[in-house]
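Me: I should like to learn how to read a structure of this kind. Please show it to me and take me through its features in turn.

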Amino acid sequence: MSERIRVAVLGAAGRMGSTVVRAVQDAPDLELVAAVDAGADLAAVVDAGAQVAVDFTVPSATEGNVHALVDAGVHLVVGTTGWDDDSLARVRDHLADRPGVGVLVAPNFALGAVLAMAFAARAARWFESVEVIELHHPDKVDAPSGTARHTASAIAAARAAAALGPVPDATTQSLDGARGADVDGVRVHSVRLRGLVAHEEILLGNAGEQLTIRHDSFDRVSFMPGVLLAVRQVGARPGLTVGLEQLLDLA
Ligand SMILES: NC(=O)C1=CN([C@@H]2O[C@H](COP(=O)(O)OP(=O)(O)OC[C@H]3O[C@@H](n4cnc5c(N)ncnc54)[C@H](O)[C@@H]3O)[C@@H](O)[C@H]2O)C=CC1
Ligand SMILES: O=C(O)C1=N[C@H](C(=O)O)C[C@H](O)C1
């Protein structure tokens, strides 16, 4: 058997990080060499000889982790949310000075969620109306979800490419937030409910018909095949890759 990929997990005590630790330990071609959480020195990751680090931390920490480990020549798989065009551009610029290092940032590693986003973007040009609803556990720290932002942006881009006008909406809000957040002209609604894990619905409407695309992650194991795929491939993808769809022939 060829050499195992040496993997570090950042945020290892968290809901996702602890699930990734188990998945890496169970994968015969991967070796867990470091599992760190808040307060740990990232030098431990480098000293352990990690080739790939997986980051499931918090939006306020993830970009700093990425820059520090890119400097050390470690490839990164990032699932933490909070990324925007500016922070992604900073990583892209940094990677231009570190040829050979790869960073993959994906808002959702569940294969069904990635497919739902792709289907929604494909369908968007054929519908007058569209709204996105994301539903999560109440311990989630951010809203809207990274997945919902990514979904809405892709839908907006597809609508723009098809020269569709704005989504019709004659409503005046009598209470702020009643119509959800506006992501590139697409309304996004966030539900937080005990018992949920991670769910998304894309509603597409035309006169007399509705298409609903829904994805449910009932358990965090749903994210693991995508995370492990990214760990295995990121070293062969220098530069910045955004979205697991890039690895699934869906982009
Ligand atoms: N891309 C995807 O498929 C998914 C992404 N997520 C995202 O992953 C992130 C983590 O989610 P959860 O695991 O539910 O959160 P969590 O709160 O359970 O875990 C976060 C962990 O990161 C640790 N942490 C904080 N700062 C750190 C630092 N500087 N270095 C190392 N560890 C640090 C915390 O102590 C905690 O243990 C969120 O942004 C969430 O939206 C969650 C599920 C799937
Ligand atoms: O915090 C979560 O749980 C999740 N976060 C990601 C997001 O914000 O899109 C992915 C998934 O929805 C679970």
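**Reading the ligand sites**

Reply: A backbone N or O atom of Pro107 lies 3.1 Å from a nitrogen atom of ligand 1. Such a pair is a polar contact, that is, two N or O atoms within 3.5 Å; within protein, one must be able to donate a hydrogen and the other to accept it, and residues adjacent in sequence count only if both atoms are side-chain atoms. The protein covers 81% of the 870 Å² of accessible area that ligand 1 has on its own. Accessible areas come from the Shrake-Rupley method with a 1.4 Å probe; for residues, only the protein chains shown count as cover.

Me: What kind of model is this, and how are its parts numbered?

Reply: This is a predicted model, in which local features need pLDDT of at least 70 and side-chain atom pairs count only at pLDDT 80 or more, while totals for chains, interfaces and linings use all residues. Residues are numbered from 1 along each chain as its sequence is written, chains are lettered from A and ligands numbered from 1 in the order in which they are written, and side-chain values use heavy atoms, with hydrogens and water left out.

Me: What pLDDT does the chain average?

Reply: pLDDT is the predictor's confidence in each residue, from 0 to 100. Where it is low, the predicted coordinates should not be read in detail. Here the chain averages 97, and 100% of the residues score at least 70. For the complex, the predictor gives an ipTM of 0.99 and a pTM of 0.97.

Me: Which residues are closest to ligand 1?

Reply: A residue is near a molecule or strand if one of its heavy atoms lies within 4 Å of it. Ligand 1 is surrounded by 20 residues, the closest being Arg15, Met16, Asp37, Thr81 and Phe109. The side chain of Thr81 has an N or O atom 2.8 Å from an oxygen atom of ligand 1, and a polar backbone atom of Ala38 is 3.1 Å from a nitrogen atom of the ligand.

Me: Which residues are around ligand 2?

Reply: Among them are Thr81, Pro107, His136, His137, Lys140 and Ala198. Oxygen atoms of ligand 2 lie 2.6 Å from a side-chain N or O atom of His136, 3.0 Å from a polar side-chain atom of His137 and 2.7 Å from a side-chain N or O atom of Lys140. The protein covers 84% of the 320 Å² of accessible area that ligand 2 has on its own.

Me: Is Ala198 buried or exposed?

Reply: Buried means under 20% relative accessible area, exposed over 50%, and partly exposed in between (1.4 Å probe, protein chains only). Ala198 counts as buried because its relative accessibility is 12%. Ala198 is found in strand β9; helices (H or I, at least four residues) and strands (E, at least two) are DSSP runs, numbered from the N terminus.

Me: How far apart are the ends of helix α1?

Reply: The expected span of a helix is 1.5 Å times one less than its number of residues. The 12 residues of α1 (residues 15–26) should therefore span 16 Å, and the end C-alpha atoms are 17 Å apart, which agrees. Buried residues of α1 include Met16, Gly17 and Val20. The buried residues of α1 pack against β1 (5–10), β2 (30–36), β3 (52–55) and α7 (224–233), where contact means heavy atoms within 4.5 Å.
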